[in-house]
Amino acid sequence: MLTSVDTDLMRVLADPLRLRIITLLARETLCTTHLIEETGAKQTNLSNHLRVLREAGVVQTEPCGRFTYYRLRPEGIASLAGGFAELAETARITAQNNVKRSCP
């Protein structure tokens with residue numbers, strides 16, 4: 001079953017810009033400048049979203065000279081995927097066993 005941590009992670013990923021950032025970072029490690037170019041977001045807005053993703057454990061930073069690169073943490077995404085897989089299995093079992101609450 002999804003835990004409260006997983007629910008928080010789902011909330012973090014629900015924002016369209018953060019989902020776009022995650023999709024981009026799944027393909028390659030990018031710096032803030034690349035992410036601004038790819039998303040069209042303002043630097044301040046992008047930095048705030050990256051902070052939220054970092055605090056949620058979804059991305060990690062890698063300093064490189066005067067730039068900061070961002071990389072997706074597969075463990076964070078895998079944890080969320082595992083939670084959804086458990087939820088799907090529970091739904092499958094419920095459907096197979098025809099589990100339903102009777103009306104009063």
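In the predicted model, helices H2 (residues 16-27) and H4 (residues 43-55) pack at an angle of about 75°, with their axes 10 Å apart, where helices (H or I, at least four residues) and strands (E, at least two) are DSSP runs numbered from the N terminus. Axes are lines fitted to C-alpha atoms, for helices over the stretch in contact, and angles run from 0 to 180 degrees between N-to-C directions. H2 and H4 are therefore roughly perpendicular to each other, given that angles under 35 degrees count as roughly parallel, over 145 as roughly antiparallel, 65 to 115 as roughly perpendicular and the rest as oblique. Leu17, Arg18, Ile21 and Ile22 of H2 meet Asn45, Leu46, His49, Leu50, Val52 and Leu53 of H4, contact being defined by heavy atoms within 4.5 Å. By class, seven residues of this contact are nonpolar, two polar and one charged; Ala, Val, Leu, Ile, Met, Phe, Trp, Tyr, Cys and Pro count as nonpolar, Asp, Glu, Lys and Arg as charged, and the others, Gly among them, as polar. Ile21, apart from its neighbours within four places in sequence, is in contact with Leu35, Leu46, His49, Leu50 and Leu53.

Ile21 is also among the residues with the most contacts inside the largest nonpolar core, together with Leu13, Leu25, Leu35, Leu53, Val58 and Val59, and this core has 19 residues. Such a core is a set of buried Ala, Val, Leu, Ile, Met, Phe, Trp, Tyr and Cys residues joined through side-chain atoms within 4.5 Å. Two or more residues each are given to it by helix H1 (4-13), H2, H4 and strand S3 (67-72), and the largest share, five residues, comes from H2.

Thr32 is buried, with a relative accessible area of 17% (buried means under 20%, exposed over 50%, partly exposed in between; 1.4 Å probe, protein chains only). Not counting residues up to four places away in sequence, Thr32 touches Gln43, Leu46, Leu50, Thr68 and Tyr70.

Residues are numbered from 1 along each chain as its sequence is written, and side-chain values use heavy atoms, with hydrogens and water left out. As the model is predicted, local features need pLDDT of at least 70 and side-chain atom pairs count only at pLDDT 80 or more, whereas totals for chains, interfaces and linings use all residues.
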